[in-house]
Protein chains: 2
Amino acid sequence: MSRILRVAAAQMGPNQRADARSAILARMVALLDQAADRGADLVVFPELAFTTFFPRWLLETGEVDAYFEAAMPNPEVAALFDRARERRVGFYVGYAELAGDRHFNSAITVGPDGTILGKYRKVHLPGSVEPRPGDRFQQLEKRYFDYGDLGFPAFWGPKAWQEPVLGMLVCNDRRWPEAWRCYGLQGVELMLIGYNSAAYDPNGGTTESEGLRTFHSTLAVQANAYMNATWAVSVAKAGNEDGSGLIGGSCIVDPNGVVVAQAETLGDEVLVAEVDLDACRQGKEKMFNFAAHRRPQHYGAIVDQVGAVLPPKPAAAERLSA
Amino acid sequence: MSRILRVAAAQMGPNQRADARSAILARMVALLDQAADRGADLVVFPELAFTTFFPRWLLETGEVDAYFEAAMPNPEVAALFDRARERRVGFYVGYAELAGDRHFNSAITVGPDGTILGKYRKVHLPGSVEPRPGDRFQQLEKRYFDYGDLGFPAFWGPKAWQEPVLGMLVCNDRRWPEAWRCYGLQGVELMLIGYNSAAYDPNGGTTESEGLRTFHSTLAVQANAYMNATWAVSVAKAGNEDGSGLIGGSCIVDPNGVVVAQAETLGDEVLVAEVDLDACRQGKEKMFNFAAHRRPQHYGAIVDQVGAVLPPKPAAAERLSA
């Protein structure tokens, strides 16, 4: 059997702080058109695709508010929704969501008829609430966003897509195997992920090069796709945003963890791959047949504790003197 | 800071069913000597290192029993323990453990003075209880072994090793992120793993080549080491055991998920690497600072369910006709 879906990764180059929304939308529509011209059914855009990655700055409340969308769609993003419906193409897109007085780093997946099929709010917010003194660029997601409150809700794609079980993550979530497993436990066949990842260590260290951080990004997606027997599309906003570097490396990964397509630039770039959803069956029915092989009675620590707790140290008398 | 430990992976070539225990021990002692000559403090041997990988056959009870050790150490393995103590080298070794009337696929870590520092019993038993009709080679671990009952107990290495927090897994466990995370939540700095992995799909499929299965083996260790900010040593019994192929690919992986050494043969082969335990700190204190970033309130499914449960399908009326 084969259930084929054509999926595109629409990597975006940088959005500068001064870029007009209309200019960003025009680039996104052009990427969507390229993907549709190449037969894509579903196009994956990055995290916070409509704006610059504003959590890198300590901003006044008024300026922060301007980056958030109070409704989705809305007139400021309508050009993308309209073109997608016209081309009968669906898409994943990340955006800053204002929900009442709460703020989320969210993503939605839109079907080929414009229906919103699923929504996700980022659970694993990196960075800090308070800025790091003296650093030119910050990582203030914990300041500007509330933690996602929807869990990891898998959902069905439409018949035109062969009815895949879909899941969404946002950026840092892709490094957390718990997030993937929660989707794996819902039978996910295709994970959609957008990201903005600093090309240097955003946590203030200096030991991680751009190459190492791109390797980490790809590695996490490969292994978690393999361990959950799912396809994955992981898409960057890349390049130099107002002096701050973002890695590229957008990729489409199969259920063996093999990269089937990967971006070569740090700019706007479309990757398209044919995704056979039934290629997930080998893993789901054998090596990762969860019902046959998982042992949750030994996994309690995963939910019972948050941080690491070291094992008790043997008393001095019992310790090896070697 | 740096806390340096010299670690060796002692990959073993095949143990044939007809091989005398004394011949196997002699090879293990030779590998230990090579590692000690190269300055290793700790040598990692494979899963079921003292025997052939007997779960590939449907055997009579009497023959199965002969593969199990009722005590550890015992006279049949004393040569290895004696030489290790003499060389002031510790080791991890996998073996079939008879504990009363229970059978486990176990591993122990022995300190440089011969003390048993920790014991682990394999939690994730692959394969089946009943043989697959018509197959030349089986995977009958679920028939011959009881599921491990010790959980994932991290433990301290001695001062001579810079007091690392150590963890052990056996073979298939390395593909299960839950197992790694339970050790990560104890602050593990060095994971010790032995394996015997079929070079073809042991679950009866024909889609996985030897190359792909070696890739899977390495990928799972790389990503789980990265996501738990730990070093890992993953060691094969490799090559052709009585007509059944085992992958090699033994490797030493750093806390970035980078392979620092990997076996090139399918035979007896020693890898040695200098392991700076403090290289775990970058990950543990920043990206994978669990206390700061994990959200266990959303991980409930990991312990509340065993197998996958698909999300509810939208009613026909709500489904996209697109």
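Mentor: Arg88(A) is partly exposed, at 47% relative accessible area. On this scale, buried is under 20% relative accessible area, exposed is over 50%, and partly exposed lies in between, using a 1.4 Å probe and protein chains only. The phi of Arg88(A) is near 60°, a positive value for a residue that is not glycine. Arg88(A) sits in the loop between H3 and strand S3 (90–99) of chain A. Helices here are DSSP runs of H or I with at least four residues, strands are runs of E with at least two, and both are numbered from the N terminus.

This is a predicted model, in which local features need pLDDT of at least 70 and side-chain atom pairs count only at pLDDT 80 or more, while totals for chains, interfaces and linings use all residues. Residues are numbered from 1 along each chain as its sequence is written, chains are lettered from A and ligands numbered from 1 in the order in which they are written, and side-chain values use heavy atoms, with hydrogens and water left out.

Chain B has a positive phi to look at too. Glu163(B) has phi near 45°, and this residue is not glycine either. Glu163(B) counts as buried, at 18% relative accessibility. Its loop runs between strand S6 (155–156) and strand S7 (165–170) of chain B.

Next, the cis peptide bonds. One joins Met72(A) to Pro73(A), with omega about 0°. Pro73(A) lies in the loop between helix H2 (61–65) and helix H3 (78–87) of chain A. In chain B, a cis bond links Met72(B) and Pro73(B), again with omega about 0°. Pro73(B) is found in the loop between helix H2 (61–65) and helix H3 (78–87) of chain B.

Now the sheet in chain B. Six strands form an open sheet in the order S5-S4-S3-S2-S1-S14, with mixed pairing. Strand S5 (116–121) and strand S14 (269–276) of chain B are its edges, each pairing on one side only. Two strands pair if DSSP finds at least two bridges between them. From one strand to the next, the twist averages 30°. Helix H1 (residues 21–37) of chain B packs on this sheet, touching S1, strand S2 (42–44), strand S3 (90–99) and S14 of chain B. Contact means heavy atoms within 4.5 Å. The direction of H1 makes about 40° with that of S14(B). Axes are lines fitted to C-alpha atoms, for helices over the stretch in contact, and angles run from 0 to 180 degrees between N-to-C directions.

Strand S1 (residues 4–11) of chain B runs antiparallel to S14(B), and eight bridges join them. Leu5(B) has Val275(B) as its bridge partner in S14(B).
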